[in-house]
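Hi there,

I'm passing on the structure we talked about, and my notes follow just below it. Please have a look at it before you read on.

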Amino acid sequence: MAITTTHPPVAPASAPAPQMARRKSRWTEAKRAWRLHWQLYLLIIVPLAYFVIFKYIPMAFNVIAFKEYSPVLGPWASEWVGLRNFELLFTNPVFGTLLKNTFILAFYLVLASFPIPILLAIALNEIRNGWFKRTVQMVTYAPYFISTVVVVSMTILLLSPEVGLVTKGLDAIGVPAMNLLGEPDFFRHIYVWSDIWQTMGYSAVIYLAALAGIDPALHEAAKIDGASRLQRIRNVDIPGIMPTAVIMLILGVGNMMAIGFEKAFLLQNNLNLAQSEIIPTYVYKTGLINADFSMATAVGLFNSVVNLCLLLAVNFIAKRVTGNGLWR
Amino acid sequence: MSTTKIREPFRDRMSLIVIKLMLAVVLVLVLMPLVYIVANSFSSPPAVNAGRVSFWPVEFSLEAYRAALSNSEVLTGYYNSLIYAIAGTAISVSLTVAIAYPLSRKTFFGRNVIMTVLIFTMLFSGGLIPTYMVVNNLGLLDTRWAMLLPGAIGVWQVIIARTFFANSIPDELYEAAMLDGASELRVLRSVVLPLSKPLLAVLALMYTVYQWNSYFDALVYLKDPDLFPLQIVLRNILILNTPRGGAGDLAQSMHQIQLANVLRYALIVISSLPVLIIYPFVARYFTKGVMVGAVKG
């Protein structure tokens with residue numbers, strides 16, 4: 001019976017446990033949890049070590065953004081230079097272009113890829129379950145599983161000025177062949193629309209689930225009131241998926257500055273660099289190709305801070321406007 | 001309007017037709033690039049180079065596939081990617097369960113603090129260079145571990161797993177197992193994991209697809225071509241257009257230059273095939289996984 005006595009008198013899950021817990025001191029609570037779950041505490045050591053080693057130590061290594069990093073001395077013993085790296089960065093003529101390219105691409109991507117999955121989900125939700133619906137869902141979902149390398153390769157092949165499908169299509173309507181990937185002005189459109197091609201079906205899944213969660217009685221009531229299909233979409237479906245949409249938008253903005261590297265780097269070439277060079281690709285080149293660790297870290301830190309501020313700002317605004325946020 | 005009660009009003013039937021038409025257009029737009037690539041990969045090299053292929057193979061030929069499958073770089077890449085996918089998934093799923101399960105227990109002291117610590121890494125990342133320095137200091141550079149460890153645990157996956165454990169394992173089960181004198185690890189192994197097969201499937205699939213498709217870690221951490229995963233090999237051949245090793249003699253004659261071009265289409269098909277074949281069977285698990293995460297994300 002020793003087991004039952006060590007078992008804490010915790011109320012069942014549904015009962016309001018917090019009040020009970022608050023009365024006890026945190027220390028007693030911790031000791032009891034250790035007696036009960038010591039094996040689990042041992043279990044999380046390795047995964048926690050993972051987070052410390054691969055996530056938190058790198059955060060600490062960001063100090064080299066304020067130092068003149070020397071591989072011999074290491075990040076801690078290297079010499080402090082204060083904000084010199086940031087001064088150099090902000091006064092570098094490249095910086096303005098980088099910032100502009102990154103922001104325009106990121107905003108374009110978030111704004112363009114936000115409404116399309118919603119429209120797709122609403123359209124799919126309107127049609128009856130059947131082979132057509134299944135096929136559309138299957139096919140639009142599939143590109144999500146294709147790697148970035150392959151998507152970029154396909155883009156290059158499709159846009160090839162000699163034999164690409166897009167070139168042929170443009171030729172058919174009288175537009176002369178050109179190397180679209182070599183035109184800086186087309187880089188963003190190529191980036192964003194190939195991304196939408198790839199993720200539209202995947203993103204729609206979340207909205208389809210939200211739509212399935214809408215009470216059918218609302219639709220019935222609207223029908224009885226004589227609402228047309230479009231009116232029902234506007235007044236029942238859209239408000240119903242609003243909370244999900246807000247969260248997806250916050251996540252989109254939160255990821256805005258982070259997702260750029262892989263695809264931008266692959267789509268880049270010397271011809272389109274004027275618009276395709278963004279902060280993450282610049283960090284990679286400065287740090288790993290030119291081995292200027294301090295400068296690259298400074299740029300990366302700047303990017304992370306901007307990203308965090310954006311996420312907090314959007315979350316704040318979303319909570320004010322709609323009452324829905326990522327956290328309270 | 002002479003409609004019966006069951007039929008929808010005329011304007012609603014019209015809007016339904018418009019919706020179906022739009023979906024058909026989307027279907028065609030998504031499918032077109034895929035069909036174009038597949039059609040080209042099965043066509044003869046001269047037809048591909050002349051741009052005569054659109055949506056159906058011209059002068060059907062398997063030459064590109066034969067060339068791709070006899071390319072030593074591609075085979076090495078395939079082999080490495082398989083290793084990374086299998087080992088990486090095993091490591092990732094174990095570690096994810098090892099942290100998500102304790103965090104799902106209501107009496108686990110400190111769960112909120114630990115969760116905050118994890119979620120913060122989603123909001124603020126250490127950055128490329130500092131992470132590279134850690135990998136370098138650990139001596140993982142240019143080893144297979146560099147592909148397996150730095151991205152081993154996804155916070156999103158931890159959230160999915162934690163939500164699953166919290167919602168689908170009733171507390172009574174823990175109490176019953178305790179009364180039977182089972183230790184915590186025994187409970188996890190004999191009670192929780194057997195009940196969590198759908199979750200394990202979702203996690204395994206997510207991590208497998210991630211490993212199979214990722215190229216970034218390899219680009220940054222690997223220099224040795226013998227360790228390159230398929231995606232890096234693909235990048236070298238498809239995007240940088242620099243076939244080496246087994247394909248080095250390709251640039252000999254006109255025919256071989258043409259073959260090198262078709263090879264690219266075949267490689268796209270070969271590399272994406274494993275994932276696209278299993279995808280229809282696993283799509284619903286994926287969907288489920290996304291849902292679980294979305295509930296409390």
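In chain B of this predicted model, helix α8 (residues 155-168) packs against helix α11 (residues 197-213) at an angle of about 175°, with the axes 10 Å apart. The axes are lines fitted to C-alpha atoms over the stretch in contact, with angles from 0 to 180 degrees between N-to-C directions; helices are DSSP runs of H or I with at least four residues, numbered from the N terminus. That angle makes α8(B) roughly antiparallel to α11(B) (over 145 degrees).

Which residues make the contact? From α8(B) they are B:Gln157, B:Ile160, B:Ala161, B:Phe164 and B:Phe165, and from α11(B) B:Leu199, B:Leu203, B:Met206 and B:Tyr207, where contact means heavy atoms within 4.5 Å.

α11(B) has 17 residues and reaches 24 Å from first to last C-alpha, close to the 24 Å expected (1.5 Å times one less than its number of residues). Its buried residues include B:Leu199, B:Leu203, B:Met206, B:Tyr207 and B:Trp212; buried means under 20% relative accessible area, exposed over 50%, and partly exposed in between (1.4 Å probe, protein chains only).

B:Glu59, between α2 (45-49) and α3 (63-69) of chain B, has a positive phi of about 50° although it is not a glycine, and B:Glu59 is partly exposed at 42%. B:Asp142 lies in the loop between α6 (128-137) and α7 (145-148) of chain B; its phi is positive as well, about 60°, and it is not a glycine. B:Asp142 counts as partly exposed, at 31% relative accessibility.

Residues are numbered from 1 along each chain as its sequence is written, with chains lettered from A and ligands numbered from 1 in the order written. Local features need pLDDT of at least 70, side-chain atom pairs count only at pLDDT 80 or more, totals for chains, interfaces and linings use all residues, and side-chain values use heavy atoms, leaving out hydrogens and water.

Best wishes

Methods: Helices (H or I, at least four residues) and strands (E, at least two) are DSSP runs, numbered from the N terminus. Angles under 35 degrees count as roughly parallel, over 145 as roughly antiparallel, 65 to 115 as roughly perpendicular and the rest as oblique.
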